[in-house]
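Thanks for coming, everyone. I'll take you through one model today, element by element. Have a look at it first.

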Amino acid sequence: MSATADCPERDSAGGSHFDDLRPHGKGLLVDQSSRAQDKPENLLTRQTKSKSEITDMVRSSTITVSDKAHILTMQKFGLRDTIVKSRLVQKEEDYTYIQNFRFFVGTYNVNGQSPKECLQPWLSHGIQAPDVYCVGFQELDLSKEAFFFHDTPKEEEWFKAVSESLHPDAKYAKVKLIRLVGIMLLLYVKEEYAAHISEVGAETVGTGIMGRMGNKGGVAIRFQFHNTSICVVNSHLAAHTEEYERRNQDYKDICSRMQFSQVDPSLPPLTIGKHDVILWLGDLNYRIEELDVEKVKKLIEEKDFQTLYAHDQLKTQVATKAVFEGFTEGELTFQPTYKYDTGSDEWDTSEKCRAPAWCDRILWKGKNITQLSYQSHMALKTSDHKPVSSVFDIGVRVVKEELYRKTLEEIVRSLDKMENANIPSVSLSKREFCFQNVKYMQLRVESFTIHNGQVPCQFEFINKPDEVSYCKQWLSANPSKGFLLPDAAMDIELELFVNKTTATKLNSGEDKIEDILVLHLDRGKDYFLSVSGNYLPSCFGTPIHTLCYMRDPISDLSLETVRELTLMPLLIEDDGSHLENPLKIPKELWIMVDYLYQNAVQQEDLFQQPGLRLEFEHIRDCLDTGMIDTLSNRPTSNHSVAEALLLFLESLPEPVICYSAYHNCLECSGNYTASKQVISTLPTFHRNVFQYLMAFLQELLKNSAQNHLDENILASIFGSLLLRKPAGHQKLEMVEKKKAQEFIHQFLCNSP
């Protein structure tokens with residue numbers, strides 16, 4: 001039964017697919033020829049799109065509904081333009097007024113189902129036609145194909161179902177669609193307002209296993225509506241009652257990693273928090289704690305939502321400022337939206353009998369926002385969740401054209417007087433930075449402040465001669481460029497983070513925690529910043545054969561010994577003449593696998609649910625110091641150890657199946673005999689590790705009834721880690737990804 005079976009027909013405007021760049025759509029597809037020359041005075045030419053132009057854009061499959069190309073060029077941004085824009089922002093109240101627009105915000109976890117019923121009861125019944133629709137889905141597709149290969153036909157199914165269920169009293173243009181695996185966000189606007197939507201951007205952040213997989217995470221769309229910047233975030237956070245810390249971590253990861261590039265390339269990326277209005281929706285997965293299932297159901301039956309809400313994890317975490325600081329949520333006057341038997345309004349009757357919870361939430365942050373409604377929609381029964389909606393009146397700053405022109409002319413006149421006054425200069429609160437005892441994948445931050453003098457200035461960290469970046473790979477400055485008005489100040493953070501890309505050379509001594517940064521002022525002088533410190537070598541990022549020759553923990557070895565062993569050529573291991581008693585496999589690998597074998601062979605969602613960052617750091621320290629007893633004595637999640645194992649394999653500079661064997665493996669991925677022959681040619685330690693891991697994974701499969709793992713899941717996860725494309729080659733094609741999966745699959749289905 002199609003989603004449209006019960007819906008009256010409507011003219012579904014906004015069905016165009018101008019955002020074929022998904023799921024990482026960045027920037028706008030605009031006609032370069034329509035841009036004005038780059039002069040501040042061209043800011044006077046504001047958008048005046050005709051109705052026919054708007055209609056063309058709505059129908060077009062190649063351009064966005066709108067952009068600010070008529071106002072600002074993207075080709076070149078000078079200091080003068082930046083000053084003008086900054087002053088305009090400061091004086092915004094002089095030339096704008098507040099106008100309310102009606103926003104509909106909806107969230108629905110559809111549990112992998114296709115649309116089976118009309119969505120109008122959720123999207124359009126009982127409300128006046130919204131000006132803007134923000135519609136989010138979670139668990140759009142639960143198939144392994146969607147999880148590992150990102151393709152799903154359900155994107156189109158649900159997009160069509162939404163488009164056909166928008167309010168019948170208005171025509172809507174689709175502004176943007178963004179999807180990460182099963183997390184999808186749609187943005188529509190009334191056709192007559194399309195010309196006032198600009199600077200549309202969309203990004204995704206996966207927070208699943210290894211911080212990348214998109215089964216959990218967030219997607220976001222940001223845009224300018226008239227003169228107000230708006231960011232809409234749809235997130236699906238970690239599941240299970242006890243995992244509230246993991247949910248908190250997911251939220252923080254989305255906030256820190258979600259960045260939108262700006263139209264002006266001289267400006268740093270925008271984060272979620274840098275918007276006037278933030279609307280956050282999704283399956284946040286916070287549960288009700290300290291009450292048993294029957295007590296929860298009794299309170300719901302009595303409609304005593306206030307007592308129930310006192311035990312809501314999100315309420316508790318917000319109160320401690322662990323998440324959503326500064327956000328507001330409306331009163332929960334509806335019963336929990338999870339978990340129901342699919343197709344009914346009955347609470348979960350499965351074996352797990354999940355306690356009801358308000359998993360699906362909508363929060364907001366910003367000024368001039370009034371919530372008009374916040375409700376669930378019990379009429380929809382497709383999923384084990386109920387959809388939730390909220391309607392807002394949001395005050396948007398609209399430009400008064402005449403006052404805008406007058407303000408701009410005043411700014412330009414004052415700038416003319418000041419422009420040639422002086423050479424810009426700044427003072428820095430600190431110029432030397434020392435990072436002591438840096439560890440693998442542990443973020444370290446040092447900050448300083450730039451104080452500007454009397455002349456507006458643009459600053460940027462610039463490359464030193466013959467270098468491709470302004471700093472080494474393990475370092476970054478945030479922001480790395482920017483603009484300061486007279487007497488203004490800005491804090492800059494230097495972030496140091498050692499990962500798989502940079503760890504090996506720091507272990508070997510080929511690189512050190514040493515760098516010089518050059519801070520350049522446009523029309524001014526350069527300032528030099530010194531960065532120093534020391535790195536604590538780790539088993540992460542260390543070659544397999546090197547670890548096999550390290551019988552002692554890496555932290556107990558001298559830096560010179562670590563350096564020599566790390567630089568030892570791979571094939572020298574075969575004779576072993578100058579090094580005695582190597583281990584057959586790295587002890588660190590054995591410790592993690594043995595822990596999982598002893599504790600986690602029946603663990604549900606193993607290798608699919610992320611661990612906690614603090615626990616990873618504890619595991620890393622145990623492996624590097626050899627204090628393995630503390631790994632068992634201190635409570636450690638099985639998921640954290642499993643993720644540490646995957647991160648360990650990912651960090652190997654030479655993968656388990658050596659780069660030189662990569663193409664041979666793909667060629668014989670359908671031939672088990674030939675595949676075994678390729679493995680037999682691997683260097684001894686690499687071959688040992690491969691066989692050891694396959695034996696462990698086969699043990700996990702013997703417990704598939706409990707852990708719900710199968711050969712396809714494990715082959716997909718380990719295929720991309722054990723069999724990696726040589727560096728410098730083109731991006732991995734889907735065909736190659738599937739062949740790598742097939743190669744590993746053979747060894748899981750056959751006895752050694």
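Let me start with a question: which residues of H6 are buried? They are Lys154, Glu155, Trp158, Phe159, Ala161, Val162 and Ser163. Before I go on, one caution: this is a predicted model.

Back to the helix. H6 covers residues 154-163. Seven of its ten residues are buried, so H6 is largely enclosed by the rest of the structure. And what does the covering? The cover includes strand S1 (96-109), helix H4 (120-123) and strand S2 (132-138). Strand S3 (172-180) and strand S4 (183-190) are also among the elements that cover the buried residues of H6.

Here is a general point on helices. An α-helix has 3.6 residues a turn, so residues three or four places apart point the same way. Keep that in mind when you look at the list of buried positions in H6, which includes Glu155, Trp158 and Val162.

Now the whole chain. The protein chain has 24 helices and 23 strands. Of its 752 residues, 56% are buried. What about contacts along the sequence? Take contacts between residues at least 6 apart in sequence: 75% of these join residues at least 24 apart.

Let's zoom in on S19. Its partner is strand S21, residues 489-496. The two pair in the antiparallel sense over four bridges. Which residue of S21 stands opposite alanine 477? That is leucine 494. Asparagine 478 has glutamate 493 of S21 as its bridge partner.

In a regular strand the side chains alternate between the two faces of the sheet. So which residues of S19 lie on the covered face? Leu475 and Ala477 do. Ser476 and Asn478 are on the uncovered face.

Buried or exposed: which is threonine 502? Buried. Its relative accessible area is 6%, and the cut-off for buried is under 20%, which is why threonine 502 counts as buried. What does threonine 502 touch? Leaving aside neighbours within four places in sequence, threonine 502 is in contact with Gln473, Trp474 and Phe497.

Glutamate 460 stands opposite histidine 520 in S22.

Last item: a pocket. The second largest pocket has a volume of about 890 Å³. How many residues line the second largest pocket? There are 33. Glu139, Leu142, Lys216, Ala239 and Asp605 lie nearest its centre. By class, the lining has eight nonpolar, 13 polar and twelve charged residues.

That's my tour.

Methods: Residues are numbered from 1 along each chain as its sequence is written. This is a predicted model: local features need pLDDT of at least 70, side-chain atom pairs count only at pLDDT 80 or more; totals for chains, interfaces and linings use all residues. Side-chain values use heavy atoms; hydrogens and water are left out. Two strands pair if DSSP finds at least two bridges between them. On a 1 Å grid over the protein atoms alone, a cavity is a set of points where a 1.4 Å probe fits but cannot get out, and a pocket is an open set with protein on both sides within 12 Å along at least five of seven lines; lining residues have an atom within 4 Å of a point. Grid points are joined across faces, edges and corners, and a volume is the space filled by probe spheres set on the points. Ala, Val, Leu, Ile, Met, Phe, Trp, Tyr, Cys and Pro count as nonpolar, Asp, Glu, Lys and Arg as charged, and the others, Gly among them, as polar. Buried means under 20% relative accessible area, exposed over 50%, partly exposed in between (1.4 Å probe, protein chains only). Contact means heavy atoms within 4.5 Å.
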